[in-house]
Amino acid sequence: MPSLPCPNQPVSPPTQLCRFWKGLAFFNYRRFIMWFSSHVIVSTTASFCLARGAYASLIIGRSDIYAIFANAKWSANTTVSYPGSECFNASTERWSVFDPPTFSAAISPATERDVVKAVKLATRHSIPFLATGGRHGYTTTLEALRDGLAIDLSQFNTVSIDKSAAAMTIGGAVRFRDIYDPVFEAGFEIQTGTCSCPGMVGVTLGGGVGPWGGVHGLIIDALLSLRVVTASGLVVEVSNTSNPDLFWAFRGAGANFGIVISATYQLQRQVNGGQILTADFIITADRIGPYFDLLDTYNNGNLPKLLSITSIMSYNATADVPQISATWAYLGPEDEGLKAFAPIFALNPIVTGVQTFPWNKVIEGVAGGADAFNCLNGAEHSVYDVNGRKISGDTYKMVFDKLSVFYEQNPDGRESLVQIDLFPNQAMLATPDDATAYPWRDTIALHDIEFILDPGNTTLKDVTNSLALQLRSDIVATSGYPDLATYINSAHGDETLEQKYGAEKVPRLIALKKIWDPKSVFSFNNAIPTEYERHF
Ligand SMILES: Cc1cc2nc3c(=O)[nH]c(=O)nc-3n(C[C@H](O)[C@H](O)[C@H](O)COP(=O)(O)OP(=O)(O)OC[C@H]3O[C@@H](n4cnc5c(N)ncnc54)[C@H](O)[C@@H]3O)c2cc1C
């Protein structure tokens, strides 16, 4: 029996610090205090949250949505909430509030039947809606959803492991942090992202990139099947043998095709007994050129399949200088790992930690526990993403210089950063490109340009937008792709369909959209249209 959603709403947990490797360098005291107070306040007030439309009297919002959802019969643990209530806040709070969707009501269904009913009611009454898992989606297309219905899946939070089949089934809103211990304790591991807080299904729907792509592939490569509520309110099994076309589409463009109630994954045998060697570095301005030259050497298939490298250009508020913080991780024996790390040690960077973590602790532990800080909800993150099949040290130097000028001129923008993830892709390439909708299996470098502002700071918006576009085109120019290639789960939202979904995949996605969602009810996350209009 699922528990009531509101008392258990996941807010940023105090003991869990995310993007591995982001945080330390730009620790911000003011945001820490905001995090602390919001955690304490939400944790205590949420326990007053009641089930089944208890906040009906607090309604603000569209009266039609209120009438339809408050008067419908729901199962006992399903909650319907409205703006002005803690329950609503807890059911709709997001990691980023940059161009977010707005809702007039939130339903937290406790049963699959209630998800079906919510979808049918919403579509019958033309109420726009969004299913939410971990609520870490930050694409700006979500902003087109105004005064809609949030279908908060947080009650679908179970993790179950079938040891003999080496398989795991999770609910549609399970976050990465919920699976670490059960998977590890059962003797397995699985490909994941680099933070503990995003919804695993939400990440999977876009492909699921991460540091273990060299040995395990994308997260979709572990996906065995999905249980889905479709646009017409049907519940279908989706796998290689059941609705295989839809399974193809879900693996890379999933947010467009239905609501996932549960997902089943193949678990992987532990590599190196599940032990991962990590090293954290600070690279000061004088060593930045050689560091980027070093990254350049990982072109042409030279990135070992067990090595992942994350480098973040950020502003060090304590030392008052721009810098790079880097985390290198090796999913293999320590002696081999130290050899793989030798080129960076040779640059004499500041070493802030060298540690071996078990697989279930690495994300939350590495980079001094930066995960917790990177998982904080509520800031404005304006993100632009570029995939690369080439690494360019010279471009990175230029980006660093431009970012440094921005920091110098805009102290309020100093939490902003550019993150470069060099993730090996040997196992990603083992799956044929046409097997899934995900289009960028040859990517080895992910670049996130991320401007982070406090909510309400509008003065820097123009500056940051213009710099972001400039940096994006700088990186595209040496990315090895003929045009911008964007990871859909990190898309800003202004890219063309082909830049997000890949020109080769777009026609088939559109044909499937026409079959499975002809009225485009799943249309707020970088919508695939039902008719093809070539954008280039
Ligand atoms: C801190 C941070 C770290 C990240 N790290 C990584 C990483 O390492 N690797 C990576 O690949 N990506 C990463 N991402 C990007 C991530 O893949 C996307 O933000 C993803 O959309 C988050 O999913 P969610 O369920 O948390 O978000 P939500 O905002 O809840 O959902 C995002 C989209 O997915 C849909 N969705 C979510 N769950 C379901 C469901 N059960 N059924 C149907 N639709 C659903 C929603 O409708 C929405 O369109 C990261 C993001 C953040 C903020």
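**Core and ligand shell**

Let me start with Phe-292, which, leaving aside residues up to four places away in sequence, is in contact with Met-313, Ile-324, Gly-393, Tyr-396, Lys-397, Phe-400 and Ile-420. Keep in mind that this is a predicted model. Phe-292 belongs to the largest nonpolar core, which has 112 residues. Within that core, the members touching the most others are Ile-179, Phe-257, Tyr-265, Tyr-291, Phe-292, Met-313 and Trp-328. Another core lies apart from that one; it has 28 residues, including Val-115, Val-116, Leu-153 and Val-229.

Now the ligand. How many residues surround the ligand? The count is 34, and the closest are Ala-131, Gly-133, Thr-194, Val-209 and Tyr-487. Sorted by class, the shell has 16 nonpolar, 15 polar and 3 charged residues.

Which elements each supply at least two residues of that shell? They are strand 3 (129–132), helix 6 (200–206) and strand 10 (259–266). Helix 6 gives the largest share, 4 residues.

Next, the polar contacts with the backbone. Thr-194, already listed among the closest residues, has a backbone N or O atom 2.7 Å from a ligand oxygen. For Arg-135, a polar backbone atom is 2.8 Å from an oxygen atom of the ligand. At Gly-172 the ligand atom is a nitrogen, and the distance to a polar backbone atom is 3.1 Å. As for cover, the ligand on its own has 930 Å² of accessible area, and the protein covers 97% of it.

That is what I have; questions are welcome.

Conventions
Residues are numbered from 1 along each chain as its sequence is written. This is a predicted model: local features need pLDDT of at least 70, side-chain atom pairs count only at pLDDT 80 or more; totals for chains, interfaces and linings use all residues. Side-chain values use heavy atoms; hydrogens and water are left out. A residue is near a molecule or strand if one of its heavy atoms lies within 4 Å of it. A polar contact is a pair of N or O atoms within 3.5 Å; within protein, one must be able to donate a hydrogen and the other to accept it, and residues adjacent in sequence count only if both atoms are side-chain atoms. Accessible areas come from the Shrake-Rupley method with a 1.4 Å probe; for residues, only the protein chains shown count as cover. Ala, Val, Leu, Ile, Met, Phe, Trp, Tyr, Cys and Pro count as nonpolar, Asp, Glu, Lys and Arg as charged, and the others, Gly among them, as polar. A nonpolar core is a set of buried Ala, Val, Leu, Ile, Met, Phe, Trp, Tyr and Cys residues joined through side-chain atoms within 4.5 Å. Buried means under 20% relative accessible area, exposed over 50%, partly exposed in between (1.4 Å probe, protein chains only). Contact means heavy atoms within 4.5 Å.
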